[in-house]
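Please read the following note with the sequence and the model side by side. The points are numbered so that each may be checked in turn.

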Amino acid sequence: MGFVMFVGWCLSWLFAFVAMRAKSVSSASMSAMLIMFPLTFLSNAFVPTETMPTAIRFFADNINPVSKAIAAVREILGNGTIGADFWLALAGSFVILAVFVPLTLLTYKRNA
């Protein structure tokens, strides 16, 4: 549960940055959907990546942090073990934090 909450919290910094850069509430909402849509639907959340075209499969397996988090949760809940996907998702979450916390705070200071 804590892992899922941490990944969600890290992604919220990305969306906070997008919201701070938006001109209106509706554009912030639409921008968030434009980010979340590919992260969710180009992941292993709904279908196995083996059934995807090559380019999409590469993105889902190697780049998409949501895929790693989903695979980690499946492994934890299914096998009760922590594997490589957990550590990769955790590392990806820290990268998101390292990039978007300073950007969000800088944008907030500029707007204030």
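**Note on the predicted model**

1. Thr-107 lies in helix 5; helices (H or I, at least four residues) and strands (E, at least two) are DSSP runs, numbered from the N terminus. Thr-107 counts as buried because its relative accessibility is 9%. Here buried means under 20% relative accessible area, exposed over 50%, and partly exposed in between (1.4 Å probe, protein chains only). Leaving aside residues up to four places away in sequence, Thr-107 touches Phe-17, Met-20 and Arg-21, where contact means heavy atoms within 4.5 Å.

2. Residues are numbered from 1 along each chain as its sequence is written, and side-chain values use heavy atoms, with hydrogens and water left out.

3. The predictor's confidence in each residue is its pLDDT, from 0 to 100. The protein averages 92, and 100% of the residues score at least 70.

4. The protein contains five helices and zero strands. Its C-alpha trace spans about 50 × 30 × 20 Å along the principal axes. Of its 112 residues, 29% count as buried. Among contacts between residues at least 6 apart in sequence, 54% join residues at least 24 apart.

5. Helix 1 has 20 residues, which should span 28 Å at 1.5 Å a residue; the end C-alpha atoms are 29 Å apart, in agreement. The expected span is 1.5 Å times one less than the number of residues. Buried in helix 1 are Phe-3, Val-7, Cys-10, Leu-11, Trp-13, Leu-14, Phe-17 and Val-18. Viewed down the helix axis, these buried residues fall within an arc of 135°, so they line one face of helix 1; the arc is that of the directions from the helix axis to the C-beta atoms. An α-helix has 3.6 residues a turn, so residues three or four places apart point the same way. The packing partners of the buried residues of helix 1 are helix 2, helix 4 and helix 5.

6. Which residues touch the most other members of the largest nonpolar core? They are Phe-3, Val-7, Leu-11, Ala-69, Phe-86, Ile-96 and Phe-100, out of 15 residues in that core. Helix 1, helix 4 and helix 5 are the elements that give two or more residues to this core, and helix 1 provides the largest share, seven residues. A nonpolar core is a set of buried Ala, Val, Leu, Ile, Met, Phe, Trp, Tyr and Cys residues joined through side-chain atoms within 4.5 Å.

7. Ile-96 lies in helix 5 and counts as buried because its relative accessibility is 15%. Ile-96 and Cys-10 are 86 residues apart in sequence, yet 6.3 Å apart in space, C-alpha to C-alpha. Not counting residues up to four places away, Ile-96 touches Cys-10, Leu-11, Pro-65 and Val-101.

8. Helix 4 covers residues 65–79. Its buried residues include Val-66, Ala-69 and Ala-72, and they pack against helix 1, helix 2, helix 3 and helix 5. Helix 4 is followed by Gly-80, whose phi is positive, near 75°.

Note on methods
Predicted model: local features only at pLDDT ≥ 70, side-chain atom pairs only at ≥ 80, totals over all residues.
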